[in-house]
Amino acid sequence: CLKGPTGIGLVHLMDQADQGKAQNPYVFSIHGSADEITPKLINGELDLAAVPANLASVLYNNTKGQVKVLAINTLGVNYLVETGTAISSLGDVRGKTIYASGKGSSPEFALRYLLAENGIDPDQDVTLEWKSEATEVVALLAQTPGMIAMLPQPYVAVAQGKVPGLNVAVDLNAVWKDLDNGSLMITGVLVGRKDFVEQYISQVKTFLEEYEASTRLANESIPETAVLTEKYGIVAAAAAEKSIPQCNITYLAGAEMKTALSGYLEVLKAQNAKSVGGQLPDDAFYFQP
């Protein structure tokens with residue numbers, strides 16, 4: 001899994017596995033970026049992985065169907081933050097500069113879509129300044145009065161600890177929901193190698209039950225979850241405790257997953273077909289036991 005929200009939902013299951021209380025034997029690994037996970041999944045070093053939603057589609061297309069998506073684990077986690085009080089809705093960003101990370105991936109395509117749907121041309125009406133990592137954006141916020149940025153949780157909580165008076169101005173997940181387009185804004189999903197999933201289907205179903213229980217605990221027992229996120233190197237406990245309610249950690253599977261994810265991927269494809277690997281995945285992509 002990845003550091004950040006996609007990993008937070010797993011920490012209770014990691015803890016149970018360490019104590020020998022999980023129903024299957026699991027070996028977990030935590031990575032800083034999806035680039036570290038992709039080759040390991042393709043060459044069979046990893047069987048299951050929590051990855052960005054659009055990457056799951058890219059992998060499916062690039063491996064000619066050798067990957068299945070099992071569950072949605074994180075909804076929208078991106079927020080517009082500012083060190084002033086210039087914006088209270090997405091319409092207020094017209095003529096302004098937004099700093100962000102995630103160029104060429106879901107955050108960029110989702111932001112462009114939301115701007116366009118709200119009557120703002122992302123190439124003419126705003127300036128998008130892309131940085132390679134969220135930590136760079138946080139450092140700039142600390143130095144630049146009046147700056148506006150798009151940041152994911154838990155980096156928003158980290159930034160609020162470092163930048164006095166940093167306001168959360170717009171919840172992009174809520175802006176997406178307001179469009180009422182039948183899809184959800186999705187950040188992370190759980191995928192598995194098709195061969196592994198089909199060979200060990202009963203164990204995979206058991207894992208998904210345990211995973212769902214872990215995501216529920218992550219949201220219900222926040223102080224305990226925060227301690228575990230620090231223990232497993234996913235995010236510091238203080239930032240985790242503050243940010244978990246805004247991390248939109250979830251568990252959606254089956255038909256509900258398919259409806260939400262296929263709609264989201266359609267939106268991304270309309271923005272840039274490369275973002276989903278050239279074409280939308282067919283029904284075999286979706287694990288529906």
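In which segment is the place of Pro-289? Pro-289 is found in the segment after helix 13, where helices (H or I, at least four residues) and strands (E, at least two) are DSSP runs numbered from the N terminus. The model is predicted, so local features need pLDDT of at least 70 and side-chain atom pairs count only at pLDDT 80 or more, while totals for chains, interfaces and linings use all residues. Residues are numbered from 1 along each chain as its sequence is written, and side-chain values use heavy atoms, with hydrogens and water left out.

Pro-289 counts as exposed, at 67% relative accessibility; buried means under 20% relative accessible area, exposed over 50%, and partly exposed in between (1.4 Å probe, protein chains only). The C-alpha atom of Pro-289 is separated by 45 Å from that of Asp-92, and the two residues are 197 residues apart along the chain.

An open sheet of 4 strands has the order 1-8-2-9, with antiparallel pairing; two strands pair if DSSP finds at least two bridges between them. Its edge strands are strand 1 (48-52) and strand 9 (249-252), each of which pairs on one side only. On average, neighbouring strands of this sheet are turned by 30° against each other, direction ignored. Axes are lines fitted to C-alpha atoms, for helices over the stretch in contact, and angles run from 0 to 180 degrees between N-to-C directions.

Strand 8 (residues 186-193) pairs with strand 2 (residues 67-75) in the antiparallel sense over 7 bridges. Within strand 8, Val-189 is the bridge partner of Ile-72, and Gly-188 is the bridge partner of Thr-74. Strand 8 is also joined to strand 1 by 5 bridges, and these two strands run antiparallel; Leu-48 stands opposite Gly-192 in strand 8. Helix 4 (residues 53-62) lies across strand 1, strand 2 and strand 8, and runs at about 115° to strand 1. Contact means heavy atoms within 4.5 Å.

Another open sheet is formed by 5 strands in the order 5-4-6-3-7, with mixed pairing. Strand 5 (127-131) and strand 7 (167-171) stand at its edges with a single partner strand each, so one side of each is left without a neighbour in the sheet. Neighbouring strands of this sheet are turned by 30° against each other on average, direction ignored. Strand 3 (residues 78-82) and strand 6 (residues 148-152) pair in the antiparallel sense over 5 bridges, and Leu-151 in strand 6 is the bridge partner of Tyr-79. Helix 7 (residues 155-162) packs on the sheet and touches strand 3, strand 6 and strand 7, its direction making about 130° with that of strand 6. Helix 8 (residues 172-179) lies across strand 3, strand 6 and strand 7, running at about 20° to strand 7.

The largest nonpolar core has 55 residues, and those with the most contacts inside it are Val-189 and Leu-261. Such a core is a set of buried Ala, Val, Leu, Ile, Met, Phe, Trp, Tyr and Cys residues joined through side-chain atoms within 4.5 Å. Helix 13 (residues 254-271) gives the most to this core, with 7 residues. Not counting residues up to four places away in sequence, the residues touched by Val-189 include Ala-49, Val-51, Ala-56, Val-69, Ile-72 and Leu-261. Another core, of 33 residues, lies apart from the largest one and has Ala-50, Phe-207, Val-235 and Ala-237 among its members.

The largest pocket is lined by 38 residues, of which Leu-2, Gly-32, Ser-33, Ala-34 and Pro-52 lie nearest its centre. Elements that each supply at least two residues of this lining include helix 3 (34-42), helix 5 (106-117), helix 6 (134-143) and strand 8. On a 1 Å grid over the protein atoms alone, a pocket is an open set of points where a 1.4 Å probe fits, with protein on both sides within 12 Å along at least five of seven lines; lining residues have an atom within 4 Å of a point.

Local backbone features occur in several loops. Lys-64, in the loop between helix 4 and strand 2, has a positive phi of about 55° although it is not a glycine. Lys-64 is exposed, with a relative accessible area of 74%. Asp-180, in the loop between helix 8 and strand 8, has a positive phi of about 50° and is likewise not a glycine; its relative accessible area is 68%, which makes it exposed. A cis peptide bond with omega of about 5° joins Gln-153 and Pro-154, and Pro-154 lies in the loop between strand 6 and helix 7.
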